[in-house]
Amino acid sequence: MDSTPPPPIRREAWEGCSVLLDINDGDRLAFFRLTPGATVKIGNKTCSLQPLVGRPFGSLFRLGADGLVPCAAGDATSRDHNTRDGADGQTQDETRDNRSLVDNNTAQNLSSDDIEAMKRDGATGDEIVEALIANSSTFGNKTVFSQEKYKLKKQKKYAPKVLLRRPSARSICETYFKKTPARIGFMRVDTLSLLLSMANIGAYSDVLVVDMVGGLVVGAVAERLGGTGYVCSTYLGSAPCSIDIIRMFNLSSDMVSRIVQAPLSDLCSMHSSGNTPSLLNGGAEGEMVEPAVVPDEDAQASVAQQVDTAVSDEKAQLSTDQPTDMEVSEPSLDEHPVQDENSSLDGKGSDGNLNASKSSKAGKAPSPEKMKYWKEHGFSSLIVAAPGHEVEHLVADLLPLLSYSAPFAIYHQYLDPLAKCMHSLQVSKMAIGLQLSEPWLREYQVLPSRTHPHMQMNAFGGYILSGIRIHNTDCMIANK
Amino acid sequence: MDSTPPPPIRREAWEGCSVLLDINDGDRLAFFRLTPGATVKIGNKTCSLQPLVGRPFGSLFRLGADGLVPCAAGDATSRDHNTRDGADGQTQDETRDNRSLVDNNTAQNLSSDDIEAMKRDGATGDEIVEALIANSSTFGNKTVFSQEKYKLKKQKKYAPKVLLRRPSARSICETYFKKTPARIGFMRVDTLSLLLSMANIGAYSDVLVVDMVGGLVVGAVAERLGGTGYVCSTYLGSAPCSIDIIRMFNLSSDMVSRIVQAPLSDLCSMHSSGNTPSLLNGGAEGEMVEPAVVPDEDAQASVAQQVDTAVSDEKAQLSTDQPTDMEVSEPSLDEHPVQDENSSLDGKGSDGNLNASKSSKAGKAPSPEKMKYWKEHGFSSLIVAAPGHEVEHLVADLLPLLSYSAPFAIYHQYLDPLAKCMHSLQVSKMAIGLQLSEPWLREYQVLPSRTHPHMQMNAFGGYILSGIRIHNTDCMIANK
Amino acid sequence: MTMVPLDPSSKPTSQRLITEGDTVVVYERHDAMRAVAVRAGGVLQNRFGVFRHDDWIGRPFGSKVFGSCGGGGKAKAKAGGGGFVHLLAPTPELWTLVLSHRTQILYIADISLVVAYLELVPGCLVLESGTGSGSLTTSLARAVAPHGQVHTFDFHQQRAASAREDFEKNGLSSLITVNVRDVQGEGFPEEHCGAADAVFLDLPQPWLAIPSVGSMLKKDGVLCSFSPCIEQVQRACEAMKTSFTDIRTFEILLRTYEVRDVALKSVTSEEACVGPLPQKRRMLTSPGENTGCTQRSSSILVRPCSTAKGHTGYLTFARLCV
Amino acid sequence: MTMVPLDPSSKPTSQRLITEGDTVVVYERHDAMRAVAVRAGGVLQNRFGVFRHDDWIGRPFGSKVFGSCGGGGKAKAKAGGGGFVHLLAPTPELWTLVLSHRTQILYIADISLVVAYLELVPGCLVLESGTGSGSLTTSLARAVAPHGQVHTFDFHQQRAASAREDFEKNGLSSLITVNVRDVQGEGFPEEHCGAADAVFLDLPQPWLAIPSVGSMLKKDGVLCSFSPCIEQVQRACEAMKTSFTDIRTFEILLRTYEVRDVALKSVTSEEACVGPLPQKRRMLTSPGENTGCTQRSSSILVRPCSTAKGHTGYLTFARLCV
């Protein structure tokens, strides 16, 4: 909407934006919207999120007497590595050379009454931790590693830290994968990244997407488009899938306006000149006569008005008011939903980049002009993420909607459906450069004399079938 | 046969034994039998293998004027690491800081005539290599790494080295996997090791084996049994599969006598009291009335009299006289077959450990007493390696032949047949502790400042379904 | 009883009946097992009920036995006591899953690679340091039985004693000698000089023991050193260079898969897209549990398990130069 | 032409027709591709025949074009000239497969993780050293287009010049500035101080450049350092500790699978066991090629490809402290 390009990334949190809070170094991860009334509960204390507004992402906060207080710069640098990999190192340390048994923390001379008294006297959490260390009769006998572990444990209890993180495709995918992987079909961040690369997503792309992973792919594509091109989220049947996860991204209104939704039947019927027999055209009677514009209520409901919920680490606690987002086998969603964005707009409202202005909601039907353009030129990319579906026939319906030479990437949590799809594409000769692949990601602990891969790993992040759609009519024989 | 246990491993090569020769540090790998007339061709020179007799395994030989000559002890220590991983390091070295382009070997002042003259004058290969280095005008300008690479290349040409290796399950599996992986169904050495562990192979085991990987599994099991217990190699139909690879192992006559072969139909009919409906019992009419003893000609032919061939690195060269051992898609077998072992016996014949005495051939039918024993007690382990077969029904036929609590391990090159098998075992409740797994093996280059995983890897070594056969009749309810 | 048969008269355990004095592995689930010594009058009580050892004696290993509800009030037998367990013959693999973790232990993937690469066969003599919890030791003993020997060393007195007890219990005493010794400081004892077919090291500073290993091994004998950190591997490899060859470092992991009876939704279904969470229908359920949604016929699909051991350690193998 | 559209009027390449001056990727097989600049009168000759560029102009990207047998006698068109190729629109992924390897390059798995973890979006400013063969640079440019900038540095004059030519040819000049500079020795230029959203290092001694990276990045901006050896990673991580946080090291590999139409033999078949080598029937063949052997109905099976890249490098990411 502006003629000058907006700054690509806002590096400070603003009123109404979505933020990701990392509490106690990954112990708890949750999304929040910075509305005036937004709060986070830490231990038994409810803290306003207002102190976060205007602070740079990456800032660390501690729990002061009156709520969240920014930490001094020095605190931030020492906050991770050792603690992050403590468990690994600990195991090894203790295994290897522990001639004396590890003592536990019974030798603490500070009573809980003492601690309460310190708190009443206004001691900070860090001061309490220091006092606990000073009053531990065994601390000095511990190995350096055990000392670190002890200190960290006390810090988490008495001096919890809150890290303000910027939601982005990376952090959003990592958070969902860690907390509710089934919600995003077990798509790991490296797999998502590969989908975006393999499908050649970039500015001015016209991207056709089937997103049955809650909107993660739609959001990531919109982030890459940066307010140019289009992401057309298509769906089977008459009601679009939820793409609520896009609300975790801080998409600007420009970017949101580039997200459109259309039923697959409309796209296929628009493409009646298709050169490939379509299962959908043949089999799904009635759909093709539906209007080309999706009912507005449905689209809006699925995108903007349904209150999304944050992801947290509280386990096995079912939030009964969000049944469709629930998963029996998973840790449940947070008790702190992201506030309805309308409330944030009541406040300042000065920010044109917010994704909530009435005129720029995501998921509108594409304009007839765009439909016509795509009919003539095809989409320039395709990503399919339907981890609960058979994809062989779905892809056969989708490929004719692409321009020739357009790359595509199909995600699945099982290999077999992709293998069948690949085989059928090989036979039909609709695509070349077919590759069935699985990324394998490994994280390392890099510490002096203690370098090794992490002892626990995510052993699975999904499979990808990629290729390039081609013109398959053998009718252009060139003579000399 | 002896009352005192034989030495477990003979550490020197002996007349008539099988040896593995590693020529030029892995460039070529081939099995030979040390008969008096056995030779190896290196470059254009045919060398007798007699100098190997009596030498310890692990010895290194060079090409002298009159054939193979043991290297001095000093040569052996410096023979590997750097050269083995040269390619990796080289890539990195050249990539990272090559401000000047790499020169090639045009700047050699020694002509081929000069070299021929040196050879006529009796210069050793090492002397020729030294002369080549001294006469290279660019050698001094190369990086240390390029110098090593240059030297190695010249050494391989003018001073080839032959390493005498002891055939064992480890080296035999590694060699076949490297040279003709399809012959052993792509079973990597770590996978083979897991099969042996998961099936609890040890002394006095009664092991039921389905080996369609050329005898690799039968040989490896026999090695672990050490002349105790039995490995019963069973097969479908009327003719046993070839288990020729056991001839690469130096199995003693005791160990060979513990290898028996029996058609599955015989084993199943002996087990007519089976508590599980058997597909084979129901479906393969006629087989059950076959005599319990396998036709002797067939068994012998497949094991001892068919001349096996060595594995080598010569590519795409079909040895037409061994058609059943050939594989179009693979590097072919060596032109140096292992000599028929009878010829070796003509010589000294003093060694009772050779696997060729008429009385101890592998693959006889089990005695009626053993058959009766197995019928009553069941086999104590099962390994199936039928990588070209559906295994679900095969395993359903085999499991009733095991004792309760006997562990089993099923190998396959595809995951799907094992998944179906696992599911059917879950449903039938014939087994517990079911696990479907895939080992993942990674080799590292460990060099000062150049440590990293190998740049190329074997990405696939096969899948294993393991479990424990149980008694599945729910008829033993204990009351208080 | 013995986990590893030692002479022709002793049958493999799985071919025998349970007798008093046997150790059985009581299998509740794949992740819930324990070793129990069978004694007359003995009782096992767990969440599945109360089990009398007397009911086990005389049954074949591999039997399924049912418990009764009862005994102490603590028994929370949900299904009224009709729970069951399986009684398994102990093997080194099962032992690895039930033993007391006095230290970090090696698991089956590393163990099987070690046994294969050390080229252990019946009759071999193998040295090990440290003993740790005895997980590897048990597999080494099986590999060298019936005539071979495992000499295992640990500097920790109590750990050595506990391991010795375990080996005794499993009938492995004639195969395994447990010694208290600081191999990093003192090396292996001279008596094994030139006698070892193979040596295994699991030490924090393996490079200190490597010269001693060189004098213990037979020519062409194999050394294996296990270390969790790459820095240990680097120093160990450096120390091996003088008298070892074929120095190779590996890492082995076991990827496990889960099998599910899945009903993937079809494209042609009108109801195909009902929300972002088709997960619920993906559990391994009985066919009757399918929802009303139009679906393709279900099929058996496999997927890697989500979490796995990402690292255990590096295994460095080397041969003593001839 | 431009590989990455730069303004609303420029369509994605795949939606256009081929015109003179375009670069097309000529696809023979998945492992045989090359980039060709289309010019009037141009001719491409390969094993599949002779192809006239004039026949390409005006066709859509993605077209299949047939060659004629002819031209020089060297053309060994086996099938009498009727061979064909496909003409593809270049993308950064295809470019990675066809570019000239002046150095070791990054491939798609590493590239896509770098772009995601650097959190690149349109409008970002990113610094890179060294440029190398420009494989990553091209993907960085796509990620920051249309308004962002990539400043890439290489100490090697000729390499920088070649990369600049490539970027020019691919229409990326307005997005990428190539500079000759020894970043290890001099650091990044002061002009980018505090302006970079992200920095990528592929240097033999990355630790030398890390202090400079600290002054270039915006707060919370991300650094990535790529190194093949763990020792480089260890020193780089040490150097990052003073002013970076969230230091995480990854390795990413891509496992590829092959799909085959397999007829596994059934147990019930009499002829089931005909020898040790059932491999021949396992190729992906047309159904008609099945042998007479009794077989189960064939099915589509997948297997990991045997060989793969076992290692490319370690990727260490870190954020500048706020």
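Reader: How many helices and strands does chain C have?
Author: This is a predicted model, in which local features need pLDDT of at least 70 and side-chain atom pairs count only at pLDDT 80 or more, while totals for chains, interfaces and linings use all residues; side-chain values use heavy atoms, with hydrogens and water left out. Residues are numbered from 1 along each chain as its sequence is written, and chains are lettered from A and ligands numbered from 1 in the order in which they are written. Helices (H or I, at least four residues) and strands (E, at least two) are DSSP runs, numbered from the N terminus. For chain C the secondary structure comes to eight helices and 15 strands.

Reader: What share of the residues of chain C count as buried?
Author: Buried means under 20% relative accessible area, exposed over 50%, and partly exposed in between (1.4 Å probe, protein chains only). Chain C has 322 residues, and the buried share of them is 65%.

Reader: What rotation superposes chain D on chain C?
Author: Copies are superposed by least squares on the C-alpha atoms of residues with pLDDT of at least 70 in both. The shift along the axis is 0.0 Å and the RMSD is 0.0 Å, for a rotation of 180°. The two copies are thus related as by a two-fold rotation axis.

Reader: Which residue of chain D comes closest to the rotation axis?
Author: The distance is taken at the C-alpha and comes to 4.4 Å. The residue of chain D at that distance is D:Ile230.

Reader: Which residue in E2(D) stands opposite D:Val25?
Author: Two strands pair if DSSP finds at least two bridges between them. Strand E1 (residues 23-29) and strand E2 (residues 32-37) of chain D pair in the antiparallel sense over six bridges. A hairpin of two residues joins E1(D) to E2(D). Opposite D:Val25 stands D:Ala35.

Reader: Which strands stand at the edges of the open sheet in chain A?
Author: Five strands of chain A form this open sheet, in the order E2-E1-E7-E5-E6, with antiparallel pairing. Each edge strand has a single partner strand, so one side of each is left without a neighbour in the sheet. The edge strands are E2 (28-33) and E6 (67-70) of chain A.

Reader: In E7(A), what is the bridge partner of A:Leu21?
Author: Strand E1 (residues 18-23) and strand E7 (residues 161-165) of chain A run antiparallel and are joined by four bridges. The partner of A:Leu21 in E7(A) is A:Leu164.

Reader: How many disulfides are there over all chains?
Author: A disulfide is a pair of cysteine sulfur atoms within 2.5 Å. For B:Cys47, the closest cysteine sulfur is in B:Cys71, 13 Å away and too far for a bond. For C:Cys321, the closest cysteine sulfur is also in B:Cys71, at 12 Å, again too far for a bond. Over all chains the count of disulfides is zero.

Reader: Is B:Asp211 buried or exposed?
Author: B:Asp211 lies in strand E8 (residues 206-211) of chain B. Leaving out residues up to four places away in sequence, B:Asp211 touches (heavy atoms within 4.5 Å) several residues, among them B:Leu216, B:Cys241 and B:Ala385. Its relative accessibility is 2%, so B:Asp211 counts as buried.
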